[in-house]
Amino acid sequence: MGTLCHLRRLKTRLVSELHLWSKLQATNATGKQLPRIYVTRKIPQDGMKILSQSGLCNIEQWDSDEPVPRQELLKKIAGIQGLYCLLTEKIDAEVLDAAGPSLQVVSTMSVGYDHVSLEELKKRGIRLGYTPDVLTEAVAELTVALLLATSRRLLEAVDEAKNGGWGTWKPLWMCGYGLTDSTVGILGLGRIGAAVAARLKPFGVKRFLYADTGPRPEVAVKITAEFVPLDELARHSDFIVVCCALTPETQGFCGNKLFSLMKETAIFINTSRGGVVNQEDLYQALVNGQIAAAGLDVTEPEPLPTDHPLFKLKNCVILPHIASATVTTRNSMAALAASNLLAGLQGKAMGKEVLL
Amino acid sequence: MQALVTRRIPQEGLAVLAQAGVCSFQQWDSDEPIPRSELLAQVAGKHGLLCLLSDRIDKEVLDAAGSNLKVISTMSVGVDHLALEEIKKRGIRVGYTPDILTDATAELAVALLLATSRRLPESMEEVKNGGWTTWKPLWMCGYGLSDSTVGIIGLGRIGQAVARRLKPFGVKKFLYTGSHPKPESAAEFQAEFVPLTKLGEESDFVVVTCSLTPETKGMCNEDFFARMKKTSVFINTSRGAVVNQDDLYQALVSGQIAAAGLDVTTPEPLPTDDPLLALKNCVILPHIGSATYGTRNAMSVLAANNLLAGLKGEKMPSELQL
């Protein structure tokens, strides 16, 4: 092995030793004092109880429904061992530097972790907990709710009922697109994608297609879904549902190319992350009639400014990122995130950990 | 033979009539309903009548039609707008459109249930008016179907289709009520036949999919809502008159039930100043249950074929047994 290579390995080793030593120093210096954690928001009961009744940590919290301001966060996390955050906090080098070498674990109350710099965490030997599974049902449910609201024009119809546009029953008024005999294309057949497909099945969907980084036979067999290239999925789908993670590969991949291949009668649904969609391209596709309608639970940015052109379109439904919003689910997410954090503090196995 | 078509109906249905060469027909070629006076005038002497649910076919209309009238074909599955007793008395046959609209209507019922339970119109309003500031753990939380009990009032074609669609959402238990148990239909969902009262008491979601009859008129009233859970959601896609709307309003404002979704009201359209329209926890749709292009086209074709069969004295694809 070359000298340069040796030196690099040595450097990596020394850096992680230094971090470990700093952590030990922090514990010793504070004696019997409990590890400090910072919670970036007021969180649901079930999560708060687990943290406060554990006797395992000192808790500091931004006790508000509003997100913690960046400056406040950077100030307050200096020297903490554990960080409990939401998807609204960008956990990058700046935050991790502000926390310092004492930080052992970050626990996010979300299944997405595109707001967390995995590279920076890995470099510093910090562990990451997240909340998959407990939110799958609620998210899949809302995804189907959004699809139906879009395809059956519910929000438009609600408006007509309120503003006097509702006359008498008319054969072709407010007609939408039904799922019966349709082809549904899922982008990302993960936990949520599979749960969405399972819920759509009894609506009479004729064919399920999916695109992904690779085939998922164990999942696909349950709903009889075919693994196809993205282009083919775009051409044949009547409904496209995006359920993938936001990564450098999926950033903006729902753009002009996809929309131009789609049917004019097709419906596009995104409940993954706003960054997956090129919003200008989507706007053009909707205005030009390239696709029939779109439903989004996630946008770039969030919230979407009220003067955004997408709001002017009758065939675009936008929800304020509420996919996991049931009281039960949010409490489950909070509880899991809390347990993940405590496990991380104790150097134990987490309920749900992101492998870095 | 001559037939009257009371509205502009989808092309596919008209084409069936035109190409059959069985009758000539007069049509109220408008998207708006035929005025009563026009209906009475134009139906005179007709052998067949193709109508919509917005046309009240009562004794007056039947008298105006006279003795030629052999068949009434309605482009709907509901027949509460037809005076069935009078029609039967005169030996007139009735065609209607069950089955082909089951999928679309059940789909809309589930869409409405989800929009109501997950607060879609409310949250979309917040998005537009600046109420959406950021992701918050307990903002805009709704009620999920996971581990819930769903009560179906009227486990007919549409009721069953609704239950089938709700099943994979993790519903723990299905209850149903109606004039009598339907064990073969219920078996698919392990649904339990219970009295209306018990259904009200135990359901997290109540879905009304029965037909409107003298027995079901006003059935969902003060007493029923009082039995429901504070966290429950009430959905009606059957007919407006099954629900006592004043009682529903009271139940919603007093917090007796969590929310309601209606695709049908009394009257239709609902006047824009009706108090139900102002409630955040009430979602009202303008009777679009069967409104997909495919379904409405299919309904028009079936209604046309029913009419033609009735005119020819043949077996109808879908005849209502009187």
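**Reading a two-chain interface**

Tutor: Start with one pair. B:Glu107 and A:Arg152 form a salt bridge, with their closest N and O atoms 3.0 Å apart. A salt bridge here is a side-chain nitrogen of Lys or Arg within 4 Å of a carboxyl oxygen of Asp or Glu. In general, side chains of opposite charge can pair when their charged atoms come close.

Tutor: Some ground rules. This is a predicted model, where local features need pLDDT of at least 70, side-chain atom pairs count only at pLDDT 80 or more, and totals for chains, interfaces and linings use all residues. Residues are numbered from 1 along each chain as its sequence is written, chains are lettered from A and ligands numbered from 1 in the order in which they are written, and side-chain values use heavy atoms, without hydrogens and water.

Student: How many salt bridges are there between chain B and chain A?

Tutor: Four. Over all chains, the search finds 42.

Student: How do I read the size of an interface?

Tutor: It is often given as the accessible area lost when the parts come together. Here the two chains, B and A, bury about 6,000 Å² between them, 68% of it on carbon and sulfur atoms. That area uses a 1.4 Å probe and is summed over both parts. In chain B, the residues that lose the most area to chain A are B:Arg118, B:Trp132 and B:Trp135, together 15% of what that side buries.

Student: How many residues of chain B are in contact with chain A?

Tutor: 66 residues of chain B touch 68 residues of chain A. Contact means heavy atoms within 4.5 Å.

Student: Which helix gives the most to that side of chain B?

Tutor: H5(B), with nine residues. Helices (H or I, at least four residues) and strands (E, at least two) are DSSP runs, numbered from the N terminus.

Student: How do I read a covered helix?

Tutor: Check how many residues are buried. Buried means under 20% relative accessible area, exposed over 50%, partly exposed in between (1.4 Å probe, protein chains only). In H6(B), seven of its 10 residues are buried. Among them are B:Leu120, B:Met124 and B:Val127. Their cover includes H6, H7 and S12 of chain A, together with H5 and S12 of chain B. After H6(B) comes B:Gly130, with a positive phi near 90°.

Student: What about salt bridges inside one chain?

Tutor: Look at where the partners sit. A:Lys123 and A:Glu120 meet in one, at 3.2 Å, N to O. They are three residues apart in H5 of chain A, so about one helical turn separates them. A:Lys123 counts as exposed because its relative accessibility is 52%. A:Glu120 is at 14%, so it counts as buried.

Student: Which salt bridge links distant parts of chain A?

Tutor: A:Asp133 with A:Lys352, the closest N and O atoms being 2.7 Å apart. The partners are 219 residues apart, A:Asp133 in the loop between S5 and H6, A:Lys352 in the loop between H13 and S13. A:Asp133 is partly exposed, at 37%, and so is A:Lys352, at 29%.

Student: Which pair links distant parts of chain B?

Tutor: B:Arg8 and B:Asp31, with their closest N and O atoms 3.3 Å apart. These two lie in loops, 23 residues apart.

Student: Which residues are linked in a network of salt bridges?

Tutor: B:Lys59, B:Asp63, B:Glu86, B:Lys89 and B:Arg90.
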